[in-house]
Amino acid sequence: MTLVPPHIARLVPYRPGMPVSEFERQSNIKHAIKLASNESPRGPSPKVIEAIRSEAAQLNRYPDGSTYLLRQDLAKHHEIQPTEIAVGNGSNELIDLLCRTFCAPDEDHVVFGTPSFLCYELSCRSSNLPFTAVPLRDFLSWDVGALMAAVTPQTKLLFVANPNNPTGAYVARADLETMLRETPSHVMIVVDEAYVEFPSAEDYASALTLRDLRERLIVLRTFSKAYGLAGLRVGYAVGPSSIIAFLDRTRAPFNVNTLAQVAARAALTDQEHVQEYVAMNCVERARLRDALTALGARIAPSQANFLLVRLDQRGPEAYQRLLSQGVITRQMPPPIDDWLRVSVGLPEENSRFLRAVEMLQQEGER
Ligand SMILES: Cc1ncc(COP(=O)(O)O)c(C=O)c1O
């Protein structure tokens, strides 16, 4: 008898951006910078650090398995009910839970974009769900009509990342409204708003403001990006209480640890910290875009805290050359493997990245 079913045997592990510690173990280069995982380069709010310190002595106790206080705070923050919120070990866990909870293996179908966040596909594969990955227009901008056209009577979930990772493209409010109104009502639309804090486009709208348009709508949020808590793993889903209640049945008990819960609550109280980062990101994103364009690179228009960049060298080569200068970026899978994704860092990190790119661009044409 085989050890695992064929769909598990076929799985390929998710490859995250390389941590600085791993890079430094493998090379002689010190003081590398990581612009690979769209993390906040500023760190968490001082209020978070204080909250974690004062909670540390209670770690002999299990966490609050219902995340009661965090859901109360989130409910107040969004002016919704606590029963409309499920908290997860990062929004990644919620993506996985949505697939496991609402879809029957081999039966129900899932739709998402490509290139988009790789975990939608990974979760489908590990739950043995058939899926359709709908190409973005020129691989860069959302094609809402094509997403809707991929829906079948079997489609249970439709994931749309807004803004999208790795392209930074967004679905404008009018298109989002059309999608929420006109997609057949049996489909649960999951709008993944991991980067919701970063858009500056005037026609960007959070799906949280459009919940009236559709019953089967889940909005995913995370504390990993603008709130700077990627290391703690906290994300949440907002949806109708009757839908959210099912996630409570399938999640692991104590899926969100104590420090994550207190940190997220403290982070919510420091919106100024978030706004400072968002403002810096907006300025630095524009600076990077302009400087890279001047260096002859191609840039995908981004509303997030990263840019998809195409340099003169082929993608894997450019990645290695930047790595040799201590700059860790993110390689992209085919068909966009000639592009790299670079997170917007602190001003000095971005300057270092630009200097490294300048050297690369000077060195050579393909
Ligand atoms: C679009 C998108 N959704 C979800 C996530 C997962 O975030 P987390 O699990 O840290 O909340 C990411 C992380 O990069 C992302 O890019």
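By class, the shell around the ligand holds 8 polar, 4 nonpolar and 1 charged residues, where Ala, Val, Leu, Ile, Met, Phe, Trp, Tyr, Cys and Pro count as nonpolar, Asp, Glu, Lys and Arg as charged, and the others, Gly among them, as polar. The shell consists of 13 residues, of which the closest are G90, N92, N165, T222 and S224; a residue is taken as near the ligand if its C-beta atom, placed from the backbone, lies within 6 Å of it. The model is a predicted one, in which local features need pLDDT of at least 70 and side-chain atom pairs count only at pLDDT 80 or more, while totals for chains, interfaces and linings use all residues. Residues are numbered from 1 along each chain as its sequence is written.

The secondary structure of the protein comprises 13 helices and 13 strands, which are DSSP runs (helices H or I of at least four residues, strands E of at least two) numbered from the N terminus. Its radius of gyration is 21 Å, close to the 21 Å that the globule rule gives for 366 residues, so the protein is as compact as a globular protein of that length; the radius is taken over C-alpha atoms, and the rule is 2.2 Å times the number of residues to the power 0.38.

Helix α5 (residues 91–102) packs against helix α9 (residues 241–250) at an angle of about 100°, with the axes 10 Å apart, the axes being lines fitted to C-alpha atoms over the stretch in contact and the angles running from 0 to 180 degrees between N-to-C directions. This makes α5 roughly perpendicular to α9, a description that applies to angles of 65 to 115 degrees, whereas those under 35 count as roughly parallel, those over 145 as roughly antiparallel and the rest as oblique. L97, R100 and T101 of α5 and F246, L247 and T250 of α9 make the contact, for which C-beta atoms, placed from the backbone, must lie within 7 Å.

Another joins T114 and P115, with omega about 0°, and P115 is placed in the loop between β3 (109–114) and α6 (118–126).

Terms used. Contact = placed C-beta atoms within 7 Å.
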